[in-house]
Amino acid sequence: MRGLKYSSIGNALDYYKTMQTGQIAVAGTLMSVGYLNGKQIEWNQSLQMSTQIMKDLSDQAIRTGVSTQSFVSVFRAALPSALKSGMSIPQFEELLGPLMTEGKMLELPEVSLVRDVSDLMLGNNANRTKLANVLGITDKDIKNAQSQNKLYDLLKNRLQGELMSNKQYLGTWEGTTNYMKEALSRAGGTAAAPSFEKMKEDIHDIADSLVHVNAETKEITLNPEAQKIFKEISDDAIAFEGQLRLIGSDFMNVFSPALEAGAYAAGFLARNLDTVA
């Protein structure tokens, strides 16, 4: 029971970290490749959009039994390819769920899934991917759909079977346990967010006390007081190690003669056991 509790806390913390870092990472991706009303998305806009996207991806993780972390990784990596193919962000989000489920059932590692989804969006070497082969889609099909701005329609149509498969997957042992794990992670990570936030602030304060960042030059230097404290700790450790050596030396000086005498007596008894008996 204790192991389960610690595991649940660990999963909750992983979820909290994934949502925080994912929000910032997705915002960075949106700012780099996204446009709104013909203009490049600004940071505040991208951060606001990424907050909702992370919520959507987490919802899909609950529905599919695939981890939020995997959704975020594939979304970030393949989003530029989807946008380049004329797909909107909501359209890509909608297709990502069944694509992730199919990848899970094909037992694709995350790095392969990232590549397969990206190739499927662009039509570059999609023929060699497992996802395209399962869906029966070729590079030619993708390029043709792109030219008519109908890639979303093509993929949505081909993924109808995967949408049904996902419902069946959640009924399997693997799907159910993954669903349960993701649900526990989200519940714990959401409930414990205030505690994790306080811990994060405390850790940040400790780090600030160890280093100093120059506001103008951005140069990072060590806090002299912190260096002094660690120097004293190091000196004490060295002195303690030296004392242990002295104690060990004194111990051997006192007990070596006794040990040697005991060894001699034991040897004498062993050699003359019959005579003693």
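In which hand, left or right, does α3 pass α5 at their crossing? The crossing of α3 past α5 is right-handed. The model described here is predicted.

## Packing of α3 and α5

The axes of α3 and α5 lie 8 Å apart, and the two helices pack at an angle of about 20°. Angles under 35 degrees count as roughly parallel, so α3 is roughly parallel to α5.

On the α3 side, the contact is made by S70, S73, V74, A77, A78, S81, A82 and K84. The α5 side contributes E110, L113, V114, V117, S118, M121 and L122. By class, the residues of this contact comprise nine nonpolar, four polar and two charged.

## Packing of α5 and α7

Helix α7 covers residues 139–147, and its axis comes within 7 Å of that of α5, the two crossing at roughly 55°. The pair α5 and α7 is therefore oblique.

Here D119, L120, M121 and L122 of α5 meet I142, K143 and Q146 of α7. The residues of the contact divide into four nonpolar, one polar and two charged.

## The largest pocket

The largest pocket holds about 420 Å³ of space. Its lining consists of 22 residues, and those nearest the centre are V66, S67, T68, S70 and E182. In the lining, six residues are nonpolar, ten are polar and six are charged.

Several helices each supply at least two lining residues: α1 (2–33), α3 (68–84), α4 (89–105), α5 (110–122) and α10 (173–191). S70 lies among the residues nearest the pocket centre and also belongs to the α3 side of the contact with α5.

How values were computed
Residues numbered from 1 in each chain as written. Predicted model: local features only at pLDDT ≥ 70, side-chain atom pairs only at ≥ 80, totals over all residues. Heavy atoms only, no water. 1 Å grid on protein atoms, 1.4 Å probe; cavity = no way out; pocket = protein on both sides within 12 Å on 5 of 7 lines; lining within 4 Å. Points joined across faces, edges and corners; volume = space filled by probe spheres on them. Helix = DSSP H or I, 4+ residues; strand = E, 2+ residues; numbered from the N terminus. Nonpolar A, V, L, I, M, F, W, Y, C, P; charged D, E, K, R; others polar. Axes fitted to C-alpha atoms, helices over the stretch in contact; angles between N-to-C directions. Parallel < 35°, antiparallel > 145°, perpendicular 65-115°, else oblique. Contact = heavy atoms within 4.5 Å. Left-handed = near helix turned anticlockwise from the far one by under 90°.
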